[in-house]
Amino acid sequence: MKLVFAGTPEVAVPALDALIASGRHEVAAVVTRPDAPAGRGRRLVASPVAERAEEAGIEVLKPVKPRDEDFLARLREIGPDACPVVAYGALLPRVALDVPAHGWVNLHFSLLPAWRGAAPVQHAIMAGDEITGASTFLIEEGLDSGPVYGTVTEEIRRTDTSGDLLTRLAFAGSGLLVATMDGIEDGTLKAVPQPADGVTLAPKITVENAHVDWSAPALRVDRMVRGCTPAPGAWSVFRGERLKLIHATPVPERTDLAPGELSVGKNNVYVGTGSYAVELLWVQAQGKKPMRAADWARGVRIASGERLGA
């Protein structure tokens, strides 16, 4: 089939690579978000998908909105049979959805109908799920509600961050997306409507959502830190400034600390929660680079009884 691939961040690149390497389908063009400011200089930078497509000599389309007439005209001119999508980052209007004969097929990083929305991996970790996966489905105008072509499953490991899990799903999902395109082309694959039961939502996690509540149990704090790493980053407050929490681990044997209370040893930093303590392993103070929590604690000279949190 002739394909137009839509995607933006690094997590979409494995799927683009897999489609290019398949040898069976032609990736005629790529649709991605416009260049965005990045770095200290805030200069405009192309998306990872745009950079990969340019390296491969593939036409790149960067509409401000997918309903822009110039974009729609070019899409119709290309005439794709299907449009595979991975983390594109913009809502597709009906006028765009109707262009390819086989529609727009999204690779979503959850086992639908669980965790529909922008942050399925983060929410799965934060909820304590043991299994997740990826699904390919036909995009409709509803939120991730279209019929499903196929799934792959993935275990959520005890120490997984959302970054770890998303990397594995990106590669596992790339194979699923290629197999879905193959099945659509040869007519062996039909999309099945999602069940009405089991729907959960995974809205984007904001910085404010990532504020750690130390009165919560240690396992919930652990899941919050892992689910928000690398973005948007779990955080707390120390001496009036934000402290980003990069890596922490529960310590069930420490039950002597009040929620948010700090305890510093020679090479360890513990924080009390609503159950037992967690050990901080890596943190990032405001305006500083990430560092080992023990090094941070030595630098700020934590006094007895000091706490994290408001």
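Notes on selected residues in a predicted model

1. Arg 301 counts as exposed, at 71% relative accessibility. In this predicted model, Arg 301 lies in the segment after α8, the helix of residues 293-300. Its phi is positive, about 55 degrees, although Arg 301 is not a glycine.

2. Trp 115 also deserves a look at its backbone. Its phi is positive at about 55 degrees, and Trp 115 is not a glycine. The residue is placed in the loop between β7 and α5. Is Trp 115 buried or exposed? Its relative accessible area is 14%, and buried means under 20%, so Trp 115 is buried.

3. The loop between β7 (104-108) and α5 (120-126) also holds Pro 113. The peptide bond that runs from Leu 112 to Pro 113 is cis, with omega near 15 degrees.

4. Which residue does a cis peptide bond join to Pro 232? The partner is Ala 231, and omega for this bond is about 0 degrees. Pro 232 sits in the loop between α7 (218-227) and β10 (234-238).

5. Asp 182 belongs to helix α6, which covers residues 162-186. Asp 182 counts as buried because its relative accessibility is 19%, and the cut-off for buried is under 20%. With neighbours within four places in sequence left aside, Asp 182 is in contact with Arg 24 and His 25.

Technical notes
Residues numbered from 1 in each chain as written. Predicted model: local features only at pLDDT ≥ 70, side-chain atom pairs only at ≥ 80, totals over all residues. Heavy atoms only, no water. Helix = DSSP H or I, 4+ residues; strand = E, 2+ residues; numbered from the N terminus. Buried < 20%, exposed > 50% of the residue type's maximum accessible area, 1.4 Å probe, protein only. Contact = heavy atoms within 4.5 Å.
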